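Me: I have a new model open and want a quick tour. Can you take me through it?

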Amino acid sequence: MQKYLILLCAAFTVCAITTTSFAISTAVKAQNDYFLTLSLLRQIRIMVENFGDEATKNKYQEIQTLFQNASEEYYGQNFDSSHQKYYKVKQELVALTDALATLYINRAQQILDSTSKQSFDIMIKYDKNSTLKKYFQKSYNPVEDIKPYNPEEYHLFFDRETIERYLKNGYKKLQEAKNIYNNQDIIYLKSKKNIKHDELEFIIKQYLAVIDFCRLAKQYGIEIHKMVKVHQLDTIQRKYGLESNKLDPIYDDRIPEEFKVDANDNISLVHSIEKARLEKKVK
């Protein structure tokens, strides 16, 4: 009898340990879900604000509502229920980050392409051994001679190599973004019927990596625009009454207007707020 009781107690202990372990495991999973999805929503919010159309913004709000419902369950320590609801949040985030990654790839392509022809012209025309360089070095008679060059472009002889490097790096980062987006692992996982939590997280993180590479690619293109028009800095400073060469993107008219939203987004600024600042400044 005593032996039986000992065995029964041992069995009960094992069951208790197993049950406790399962509860802790679910709680930890729910906790990880909470912090991960909260972080993702914070990261994505500025992307949606800067580039999202009405449908995208509505989708973001729907996901935020799903997150709220899951988090209320988590706060109430209903860990199993919250874990299941966070799964739906992750599913929707996969679709949203996919759309955003595609948008960022297209924007990066557009910005780099906008600089490409002019950059190659500069790389060829402003070589240190070019014929044009000789004209810069010749004396000039303003009465009798025809000026064969624009003095404001002289800096391109020195900036040519930097522009070439920026263009090369920009297209390289863009291609790296495309490679990640077209990764066969992502394609395979998205085709699965019963995709797991960690697999959803992997896809989301890969799409965010695409966006990070695209932001780098876009910045290289933006810097080329700024470098080509470096002679405009003094004019821009006077226009806005600024004292520093360090211009916020919204004031930097060397950046084409359609790409200022990208420049703001790259440094985590909301473009609509920056536009309001500019409008107040010029009044």
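This is a predicted model: local features need pLDDT of at least 70, side-chain atom pairs count only at pLDDT 80 or more; totals for chains, interfaces and linings use all residues.

Reply: One definition to start with.

Me: Which residues of helix 5 are buried?

Reply: The buried ones are L156, F157, D159, R160, T162, I163, Y166, L167, G170, L174, A177 and I180. Note that D159 and R160 are on that list.

Me: What about helix 5 and helix 7? At what angle do they cross?

Reply: Roughly 160°. Helix 5 covers residues 156-181 and helix 7 covers residues 197-228. Their axes come within 8 Å.

Me: Parallel or antiparallel, then?

Reply: Roughly antiparallel. Angles over 145 degrees count as that, so this pair qualifies.

Me: Left-handed or right-handed crossing?

Reply: Helix 5 passes helix 7 in a left-handed crossing. The residues of that contact divide into 19 nonpolar, four polar and four charged.

Me: Now helix 3 against helix 5. What's the angle, and how far apart are the axes?

Reply: Helix 3, residues 79-125, packs on helix 5 at about 155°. The axes are 9 Å apart. These two helices are therefore roughly antiparallel as well.

Me: And what is the handedness there?

Reply: The crossing of helix 3 and helix 5 is left-handed. By class, their contact has 14 nonpolar, six polar and five charged residues.

Me: Switching to a single residue. Where is K90 found?

Reply: K90 is in helix 3.

Me: Buried or exposed?

Reply: Buried. The relative accessible area of K90 is 0%, and buried means under 20%, so K90 falls within the cut-off.

Me: Which residues is K90 in contact with, beyond its sequence neighbours?

Reply: Setting aside neighbours within four places in sequence, K90 contacts D33, L36, T37, H197, L200, E201 and I204. H197, L200, E201 and I204 fall in helix 7, which spans residues 197-228.

Me: Zoom out. How many helices and strands are in the chain?

Reply: Ten helices and zero strands.

Me: How much of the chain is buried?

Reply: Buried residues make up 41% of the 283 residues.

Me: Last one. What share of the contacts join residues at least 24 apart?

Reply: That share is 72%, among contacts between residues at least 6 apart in sequence.

Notes:
Residues are numbered from 1 along each chain as its sequence is written. Side-chain values use heavy atoms; hydrogens and water are left out. Axes are lines fitted to C-alpha atoms, for helices over the stretch in contact, and angles run from 0 to 180 degrees between N-to-C directions. Helices (H or I, at least four residues) and strands (E, at least two) are DSSP runs, numbered from the N terminus. Angles under 35 degrees count as roughly parallel, over 145 as roughly antiparallel, 65 to 115 as roughly perpendicular and the rest as oblique. A crossing is left-handed if the near helix is turned anticlockwise from the far one by less than a right angle, and right-handed if clockwise. Ala, Val, Leu, Ile, Met, Phe, Trp, Tyr, Cys and Pro count as nonpolar, Asp, Glu, Lys and Arg as charged, and the others, Gly among them, as polar. Buried means under 20% relative accessible area, exposed over 50%, partly exposed in between (1.4 Å probe, protein chains only). Contact means heavy atoms within 4.5 Å.
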